[in-house]
Structures are given as C-alpha cells and as structure tokens.
Amino acid sequence: MKVVCLKWGEKYSSLYVNNLHNMVRRNTSLLLTFVCVTDNRDGIQKGIDIVDLPSLGLQGWWNKMYLFSLGSFLFLDLDVVIHDNIDDL
C-alpha cells in the first residue's frame, strides 16, 4: 500500500505530516510506503519518503493535480484523524 499526503505552504507544519504518518502506522497491519509531497521538508521524520513538489505555478489545492503523476495510492489530507484500522481502504 502507498499512502500519500501533500504539504504545501505554511498552513500545516511538519507536525501534521508526522502525526498522520504515526496514525496510519498504528492503524494498519499492511506493509506500506508513506510519502509526503512537499515544498518544505524541514521537520519531517525519518521513515517518510519525501517527494519535492515541483514549482508548477499552482496555488492552494491546485497542487494536488501533481499527485496524479505518482501512480496508484491512497491520498489522505493532513487534517484527518484515523482512529481505526484502514486495511480495507
């Protein structure tokens, strides 16, 4: 399973990425790769694969369009809370 999140701009800090990663790990029994696509990798913990967001001249949520180039994955927004098993996703 590949789980992807997007951190762009200053609205969400790396703490949100790290917390989401930890929630996903705690709530799955599957082998997975956790990827953060970002314009700022500062503070993102080890164990998270980082993909640098290219400068495409996009603003806000339009940056999510870049994610379609990454293949198949489960996308999760940084502000979700996971409190139960997500294996079926």
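**Entry 1: ground rules.** I number residues from 1 along each chain as its sequence is written, and I leave hydrogens and water out, since side-chain values use heavy atoms. As the model is predicted, local features need pLDDT of at least 70 and side-chain atom pairs count only at pLDDT 80 or more, while totals for chains, interfaces and linings use all residues.

**Entry 2: the sheet.** I looked up the strand order and found an open sheet of four strands, E3-E2-E1-E4, with parallel pairing. Strand E3 (49-52) and strand E4 (74-75) are at the edges; each has a single partner strand, so one side of each lacks a neighbour in the sheet. I take helices (H or I, at least four residues) and strands (E, at least two) as DSSP runs, numbered from the N terminus. I count two strands as paired if DSSP finds at least two bridges between them.

**Entry 3: the pairings.** I then went through the sheet pair by pair.
- E1 and E2 are parallel and share six bridges; Val-4 has Val-35 in E2 as its bridge partner.
- E2 and E3 are parallel and share four bridges; Thr-38 is partnered by Asp-52 in E3.
- E1 (residues 2-7) and E4 run parallel, joined by two bridges; Val-3 is partnered by Leu-74 in E4.

**Entry 4: strand E2.** Is strand E2 enclosed or open? I found that five of the six residues of E2 (residues 33-38) are buried, so the rest of the structure largely encloses this strand. Buried means under 20% relative accessible area, exposed means over 50%, and partly exposed lies in between (1.4 Å probe, protein chains only).

**Entry 5: helix H1.** I traced E1, helix H1 (residues 14-26) and E2 as a right-handed β-α-β unit. Right-handed means that, with the strands pointing away from the viewer, the path from the first strand over the helix to the second runs clockwise. Within H1 I looked up Ser-14, which counts as buried at 16% relative accessibility. Leaving aside neighbours within four places in sequence, Ser-14 is in contact (heavy atoms within 4.5 Å) with Lys-7, Asp-42, Gly-43 and Ile-44.

**Entry 6: salt bridges.** How many salt bridges does a search of the whole structure find? The search finds two, a salt bridge being a side-chain nitrogen of Lys or Arg within 4 Å of a carboxyl oxygen of Asp or Glu.

In one, Asp-52 meets Arg-41, with the closest N and O atoms 3.2 Å apart. Asp-52 is in strand E3 and Arg-41 in the loop between E2 and E3, so this pair ties together parts 11 residues apart in sequence. Asp-52 is partly exposed at 47%, and Arg-41 is partly exposed at 42%.

In the other, Lys-64 meets Asp-77 at 3.0 Å, N to O. Lys-64 is in the loop between E3 and E4 and Asp-77 in the segment after E4, so this pair ties together parts 13 residues apart in sequence. I noted Lys-64 as partly exposed at 28% and Asp-77 as partly exposed at 33%.

**Entry 7: a surface patch.** Which residues make the nonpolar surface patch of about 540 Å²? They are Trp-61, Trp-62, Met-65 and Phe-68. Met-65 has its place in the loop between E3 and E4 and is partly exposed at 41% relative accessibility. Patch residues have over 30% relative accessible area and no salt bridge; like charges are joined within 9 Å, and nonpolar side chains (Val, Leu, Ile, Met, Phe, Trp, Tyr) within 5 Å. Accessible areas come from the Shrake-Rupley method with a 1.4 Å probe; for residues, only the protein chains shown count as cover.
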